[in-house]
Amino acid sequence: MAKWGEGDPRWIVEERADATNVNNWHWTERDATSWSSDKLKFLLLGLSVENEEGSCEVTEVSKVEGEASINNRKGKLIFFYEWSLKATWTGESKAGVKYTGTIEVPNLSDENDMEDLDIAVSLNKDEPETPLSNLMKTKGAEKIREALGSYVGFLKTEFTQGMILPTANGVAKVQSTSQSKATQDRTRISSSGSTTAPVNTGVKIPTCKFSMKEKFLTSPPDLYRVFLNQEMVQAFTHAPALVEGERGGKFRLLEGNVFGEFTELVPDEKIVMKWRYNNWPCEHYATITMTFLDRSSETELKVECRGVPDNEEERTKEGWKRYYFEAIKQTFGYGARLY
């Protein structure tokens, strides 16, 4: 199973420059296609809406075709993206009847404003009519529009972190603009005569490490299972979640704000994972080690966090206390003394 991050070519970000482009001042280009494809799938999968008729959820993203890139031209960032998307939605009425349909977005592009985006929602031909179809065409389409708007925002912030924009006088500045394909030359900057090899432009950021302890009125095996069982994770987060409870398995929870991968599992004793908030610098993960200690009538959970961005330390601590410790105790009745 492919790992997120290390060694995965999807996550390698390259910045290319012509060999004659002294100091990278005139132009550089970064290919954002693979990153964008993963980000679009991530943002769309699991989106859900509900009303008095029932609920609907995006259950599959079957088509992500297109390209994206960023050009740095004389200190200005110019964004190009053009995508055609197709997804499957599943609805369930209050009576328990299930329906399926499709979502198509043919024109996600830097040429179009987000409010002009075409989002076509339809019910499969063999399905009977249902009010849930209208739910997806209204509230569902609006959520999809918001998610695609988030993609554009992440492209301009998260993906561009670390792009060096030197000016003629050597003082770095960051400017960005999005221009129509009708007025921009989209020819690749790199040429067959270039001798400059692609380089990885990953950014080093200051990080910290800390540990937390919490006691739960349950056994180590029961608490261990809470973190690896998808239904249990959905129960304490009160939202859809993806949890592949095996080594190399991925997880995504809290409406996509937290995701990562399980890297080591020792049954009933230890869980090690790559973990991150969605808005951390692209490709940056903290290493979280959870140790489950049997304390007779209760379990002591020790959580060691390494590689957390310095400016995210308090937010990460509070997030674990609120969305993991307290939520698990309230949901499963494992309440114990806080310290």
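In the predicted model, the axes of helix 3 (residues 220-228) and helix 5 (residues 313-332) approach to within 12 Å and cross at roughly 120°. Two packed helices are described by the angle between their axes and the distance between the axes. An angle of 65 to 115 degrees would count as roughly perpendicular and one over 145 as roughly antiparallel; helix 3 and helix 5 are therefore oblique to each other. The handedness of this crossing is right-handed.

The contact between the two helices is formed by residues from each. Helix 3 contributes L223, V226 and F227, which meet W320, Y324, I328 and F332 of helix 5. Classified by residue type, the contact of helix 3 with helix 5 comprises seven nonpolar residues, with no polar and no charged residues.

The cysteines were examined for disulfides, and the structure holds zero. A disulfide requires a pair of cysteine sulfur atoms within 2.5 Å. For C208, the closest cysteine sulfur belongs to C305 and lies 8.6 Å away, so the separation is too far for a bond. Likewise, C305 is in no disulfide, the nearest cysteine sulfur being that of C208 at 8.6 Å.

The solvent accessibility of these two cysteines was also computed. A residue counts as buried when its relative accessible area is under 20%. C208 has a relative accessibility of 13% and therefore counts as buried. C305, with a relative accessible area of 0%, is buried as well.

Conventions
Residues numbered from 1 in each chain as written. Predicted model: local features only at pLDDT ≥ 70, side-chain atom pairs only at ≥ 80, totals over all residues. Heavy atoms only, no water. Axes fitted to C-alpha atoms, helices over the stretch in contact; angles between N-to-C directions. Helix = DSSP H or I, 4+ residues; strand = E, 2+ residues; numbered from the N terminus. Parallel < 35°, antiparallel > 145°, perpendicular 65-115°, else oblique. Left-handed = near helix turned anticlockwise from the far one by under 90°. Contact = heavy atoms within 4.5 Å. Nonpolar A, V, L, I, M, F, W, Y, C, P; charged D, E, K, R; others polar. Buried < 20%, exposed > 50% of the residue type's maximum accessible area, 1.4 Å probe, protein only.
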